[in-house]
Amino acid sequence: MRILAKHGLRAFWFICSTVFEGGAIRSEIYSHAAAQMGGMEVLANTLVKQCPAALLKELNTPEFSQYRRKMLQAYPFYSHQDCQFRFLRNSAEHKQLFEEVMDQVMTEHGLDPNQISQRLWMDREHLVFLRNIGHTIGLHSHNHPYTMDTLSYMDQQADYQTNFDQLAALTGHPPRTMSHPLNSYNSDTLRILESLGIECGFRANMMAAPGTAYDSNPLTMAREDSTTLLKLTE
Ligand SMILES: [Zn+2]
């Protein structure tokens, strides 16, 4: 915040509203834990070592090979371990098992998910402050699901409507912008966002839609990943 102010910069802030109700976004807790443990490779290797067979066997499926291929196309900087971690994390079938193993991995490394959670989220006052000094507050879903594109129209609608209503109530202004959580969306998502009056939405990579030099849909605009930007400063 201080750095942005120093350079006179204003930014988009895409906000998940569950944190204002005491909820947590586990993918963010895991990212924080990975940084504390020395990187995603360390975290994923530890996870794979401790993984029960029921979960581990998912990495020996054609679905994982296909997922890995797609991910490396969209995010060439991802490691094999990144792909393993994300694939296991996204498994709807083994959600509870994955969370249990991850809790165990974090605890063994002296990391308490609840303690991490307490320090990660901004509160309502921060949000209002950002809006009042000219930053743009946008949607990022209420619950930050791992795979928005696998949810039904009704579930997506309920999630984005809650996110919209809460941000509008807190800031006093209806949001007009958004970014897709974990780059996940489908045609239902775009219809829902349009009906909420969202004018501009961002993906999480620079890939052009097939057959076009750039993506002209204002709800799926390309965005450079911060990993690439950070590399420019090295
Ligand atoms: Zn996110």
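Select helix H2 (residues 26-37) and helix H8 (residues 113-120): their axes come within 10 Å and cross at roughly 105°. Helices here are DSSP runs of H or I with at least four residues, as strands are E runs of at least two, numbered from the N terminus. Axes are lines fitted to C-alpha atoms, for helices over the stretch in contact, and angles run from 0 to 180 degrees between N-to-C directions. H2 and H8 are therefore roughly perpendicular to each other (65 to 115 degrees; under 35 counts as roughly parallel, over 145 as roughly antiparallel, the rest as oblique).

The model is predicted: local features need pLDDT of at least 70, side-chain atom pairs count only at pLDDT 80 or more, and totals for chains, interfaces and linings use all residues. Residues are numbered from 1 along each chain as its sequence is written.

Display next the contact between H2 and H8, to which H2 brings Glu28, Ile29, His32 and Ala33, and H8 brings Pro113, Ile116, Ser117 and Leu120. Contact requires C-beta atoms, placed from the backbone, within 7 Å. By class, five of these residues are nonpolar, two polar and one charged (Ala, Val, Leu, Ile, Met, Phe, Trp, Tyr, Cys and Pro count as nonpolar; Asp, Glu, Lys and Arg as charged; the others, Gly among them, as polar).

Remain on H2 and follow its length. Its 12 residues should span 16 Å at 1.5 Å a residue, which agrees with end C-alpha atoms 16 Å apart; the expected span is 1.5 Å times one less than the number of residues. Glycine 38 follows H2, with a positive phi near 105°.

The axes of H2 and H3 come within 7 Å and cross at roughly 105°, which makes H2 roughly perpendicular to H3. Ala33, Ala34 and Met37 of H2 meet Met40, Val42 and Leu43 of H3; this contact has six nonpolar, no polar and no charged residues.

Select Thr46, Leu47 and Gln50 in H3, which meet Val101, Met102, Gln104 and Val105 in H7. The residues of this contact divide into four nonpolar, three polar and no charged.

Finally, colour the protein by domain: domain 1 (2-24 + 122-231) and domain 2 (26-117), with bounds from an automatic or database domain assignment. Their centres, taken over C-alpha atoms, are separated by 24 Å. Nine residues from domain 1 and nine residues from domain 2 form the contact. On the side of domain 1 that touches domain 2, four residues are nonpolar, four polar and one charged.

How values were computed
Two residues are in contact if their C-beta atoms, placed from the backbone, lie within 7 Å.
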